[in-house]
Amino acid sequence: MTQDKPHASDEATPSPEELREQVEATREDLGETVEALAAKTDVKTRAREKTAAVKQQAAEKTTQVRTHLRDKATHAAHVVQDKTPEPVRANAAAASGQVRDKAVHVGELAREKAPEPVREKAGQGMQVARANRTPLFAAAGALIALLLIRRSRRHR
């Protein structure tokens with residue numbers, strides 16, 4: 001007969017205290033495994049966690065893109081301003097003043113003749129524009145400068 005088990009004399013049999021410790025350790029491992037399996041099967045919680053993670057990533061990416069675009073727009077405005085000759089800048093400033101004056105005049109006419117709901121919406125639009133003045137002015141200035149440059153090149 002072949003014996004699969006070692007002789008009792010070869011290995012010391014564990015004491016009852018060692019057996020209790022092994023059983024307790026096994027119970028803890030089993031409890032952790034059960035908790036991990038339960039967490040994997042909790043689809044709602046996993047979906048919420050995934051949604052929260054995706055929202056966080058989207059918010060971070062949006063902030064990065066917004067900052068990057070703002071930096072690019074500022075850089076582009078500076079490049080255009082630096083490369084634009086002084087006479088063109090003076091013409092752009094004059095045109096800007098004329099456009100501003102004309103816009104004020106048209107705004108006053110529109111305000112006088114527009115119905116009340118339209119005036120309210122226009123007021124809301126103005127608040128948004130005032131809150132974002134710097135990018136709005138930078139974009140308008142860059143656009144005017146580009147138009148004047150194109151116009152001056154056509155006349156050559």
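Me: What percentage of the residues of the protein chain count as buried?

Reply: This is a predicted model, in which local features need pLDDT of at least 70 and side-chain atom pairs count only at pLDDT 80 or more, while totals for chains, interfaces and linings use all residues. Residues are numbered from 1 along each chain as its sequence is written, and side-chain values use heavy atoms, with hydrogens and water left out. Buried means under 20% relative accessible area, with a 1.4 Å probe and protein chains only. Of the 156 residues of the protein chain, the share that counts as buried is 6%.

Me: What radius of gyration does the protein chain have?

Reply: The C-alpha trace spans about 110 × 45 × 25 Å along its principal axes. For a compact globule of 156 residues the radius of gyration, taken over C-alpha atoms as 2.2 Å times the number of residues to the power 0.38, would be near 15 Å, whereas the protein chain has 37 Å.

Me: Which pattern does the protein chain follow along the sequence?

Reply: Helices (H or I, at least four residues) and strands (E, at least two) are DSSP runs, numbered from the N terminus. The protein chain has five helices and zero strands, and read along the sequence its pattern is α-α-α-α-α.

Me: Is Glu-28 exposed, partly exposed or buried?

Reply: Glu-28 lies in helix H1, which covers residues 16–41. Exposed means over 50% relative accessible area, and partly exposed lies between the buried and exposed limits. Because its relative accessibility is 46%, Glu-28 counts as partly exposed.
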